[in-house]
Amino acid sequence: GMLRRSLASVRLCVCLAVVSKAAADVARIPLRCADKAAFRRNGSGGAVATVPLVDHYSIMFYAEIALGTPRQTLKATLRTGASDSWFPLHGAVGEETNHFWFSPRASSTHRPLNRRFHQDGATGLWSEDTLTIGGLEAPRFPFGIASRVDDNKYARKAWDGAIGLGFGTSGVPTLLDTLRKAGQISDPSFAMYLGRDGNSGELALGGAAEERSEGKRHYVNVVDGGAYWLASLDAVWVGDERSFTDVQYAFFEPYNTLVLGPRHQVRYIATQWRAEKNQYGWWQVDCNQEGPPLHFRIDGRDYTLAKEDLVLKLGSVCYLAVDEGIDGLYTVAAPFFRKFYLLFDAERRRMGISMAKHQANNFV
C-alpha cells in the first residue's frame, strides 16, 4: 500500500555489525574496533566469540560476512526495512573499485536461480550459496547478485552489499529462516545494541545478549499484516509544550543515522534547538546548545531522547540527529537504539524494548 511504498523511499544511513566465530544459541557480532577477539558466555551458557570491527565515522556500520566455498569476504549493511539480500558482481558500478564483489565462478557451492532481482537500484539475478555470519553457516542462502547498481551514492558507501532482516514478503527465505532451517538457531529473532562513549555495537542472532540490557523488557506488537518492524505510535511531543497528534506509526530501523519524522514537525524541533541547515542538508547546532527532549509514547509507555541522544558530534561540529521523512511516521533510528536495547522477535511478530546497558569496555 501507500505506507509500504513510502517506507521504501525513506533515505537510509547505514548502521551495523561484524564477524564473530563460534556457533551458539545466541551468536553475537561486534560493531567497532577492538584490539583482539574475546570469548564470553551468553545467557544460555553457550560460547560467544567476538571479532574486532571498524565503524565508519560513527555514521555507517557494516558486518563482515562471507559467501561461497571457499569463503569470499564482503561488507554488508544489515537492513530491517527489507527482507532480501544482495551483493555486487565485478563491474556493477562501472570502473569504481572501492568495493569488493562476489565471484560466483569461484564458489563450488554457488547455485544460480533463473529469476530477476531488483532492490534499491541493484538489479541482477537471484542465486543461492553458503553465507557465514558470526560463526553461523546458512547453506543455500538466497541473495541477489547485482550486475548493475544505479545509485550515485553507492561509491561512497563503506559496505559492499546488504542483508535483509525484515519479514519475508517475496516468498524468498530470510536470513533467520535459513539459519533456523540449518539448525544454527532455534529462535528466529535478533537483537541490536549500539554503543556510545567508546563502546562497541553488537548484533545478536537467535535471541538477546541479556548483559546488554537492564530493567524490564516491554513488548510491542508489529502492526498486523505489515512487512516492516512497524508499531503503532500513541503520541509524540517535544519538551513539555507541544504534542504532535497526526503521527500513527514508529518504524524501527537501527542502522539509520538520524531519526526521521514529518517535515513540519522536524522543522519545529529544529527551531526549538536553534538549529540551521548547512549546505549538505544536515541540521547544524551549537555543541553547547540546550534543547527540549523528544518523547515517544509506544503502547502506553514513554521513551525519551534527551540532548545526549539527539546531538551527534562529528569532529568539532554538532548536528541535530533528526531529519525530514514522511507524514504519519517516525523512523526511530540509531539515536533510539543507543539508549534502548531492541529485541526483534520474528516468530511472535513483536519487539522487546529495554534500557541499553553501556559499559566502559565491552571486551572482558
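Which residues of helix 3 (residues 263-272) are buried? They're Gln265, Val266, Tyr268, Ile269 and Ala270. By buried I mean under 20% relative accessible area, with exposed being over 50% and partly exposed in between, using a 1.4 Å probe and protein chains only. Helices (H or I, at least four residues) and strands (E, at least two) are DSSP runs, numbered from the N terminus.

Quick word on what we're looking at. This is a predicted model, where local features need pLDDT of at least 70, side-chain atom pairs count only at pLDDT 80 or more, and totals for chains, interfaces and linings use all residues. Residues are numbered from 1 along each chain as its sequence is written, and side-chain values use heavy atoms, with hydrogens and water left out.

Okay, the overall picture. The protein chain has five helices and 28 strands. Of its 364 residues, 57% are buried. Take contacts, meaning heavy atoms within 4.5 Å: among those between residues at least 6 apart in sequence, 67% join residues at least 24 apart. The accessible surface comes to about 16,000 Å², and carbon and sulfur atoms hold 46% of that; those areas come from the Shrake-Rupley method with a 1.4 Å probe, and for residues only the protein chains shown count as cover.

Now, confidence. pLDDT is the predictor's confidence in each residue, from 0 to 100. The chain averages 81, and 80% of its residues reach 70 or more. Among the elements, strand 20 has the highest mean, 97, while strand 3 (residues 47-50) has the lowest, 31. Over residues 32-54 the pLDDT is below 50, and the model gives that stretch 76 contacts beyond near neighbours in sequence. Residues 2-25 also stay under 50, with 105 contacts beyond four places in sequence.

For context, most residues other than glycine have a negative phi, and most peptide bonds are trans. Arginine 140, in strand 9 (residues 136-149), also has a positive phi near 55°, and at 52% relative accessible area arginine 140 is exposed. Then there's aspartate 299, with phi near 55°, in the loop between strand 21 (294-298) and strand 22 (301-305). On the peptide-bond side, threonine 69 and proline 70 are joined by a cis bond, omega about -5°. Proline 70 is in the loop between strand 4 (63-67) and strand 5 (72-79).

Four strands make an open sheet in the order 19-20-24-23, with antiparallel pairing. Strand 19 (276-277) and strand 23 (311-314) are the edges, each pairing on one side only. Pairing here needs at least two DSSP bridges between two strands. Strand 19 and strand 20 (residues 283-285) pair over two bridges, and in strand 20 the bridge partner of glutamate 276 is glutamine 284.

So what about charges? The structure holds 15 salt bridges, a salt bridge being a side-chain nitrogen of Lys or Arg within 4 Å of a carboxyl oxygen of Asp or Glu. Glutamate 137 and arginine 71 make one of them, at 2.9 Å, N to O. Glutamate 137 is in strand 9 and arginine 71 in the loop between strand 4 and strand 5, 66 residues apart. Glutamate 137 is partly exposed at 36%, whereas arginine 71 is exposed at 53%.

Another is aspartate 302 with arginine 297, where the closest N and O atoms are 2.6 Å apart. Aspartate 302 is partly exposed at 40%, and arginine 297 is partly exposed at 32%.

Lysine 339 lies in helix 5 (residues 334-339) and aspartate 309 in helix 4 (residues 307-310), so the pair ties together parts 30 residues apart in sequence. Salt bridges that share partners also join Arg263, Arg267, Lys277 and Glu324 into one network.

Last stop, serine 354, in strand 28 (residues 350-356). Why does serine 354 count as buried? Because its relative accessibility is 3%. Leaving out residues up to four places away in sequence, serine 354 touches Ser213, Glu214, Gly215, Lys216, Arg217, Phe340 and Tyr341.
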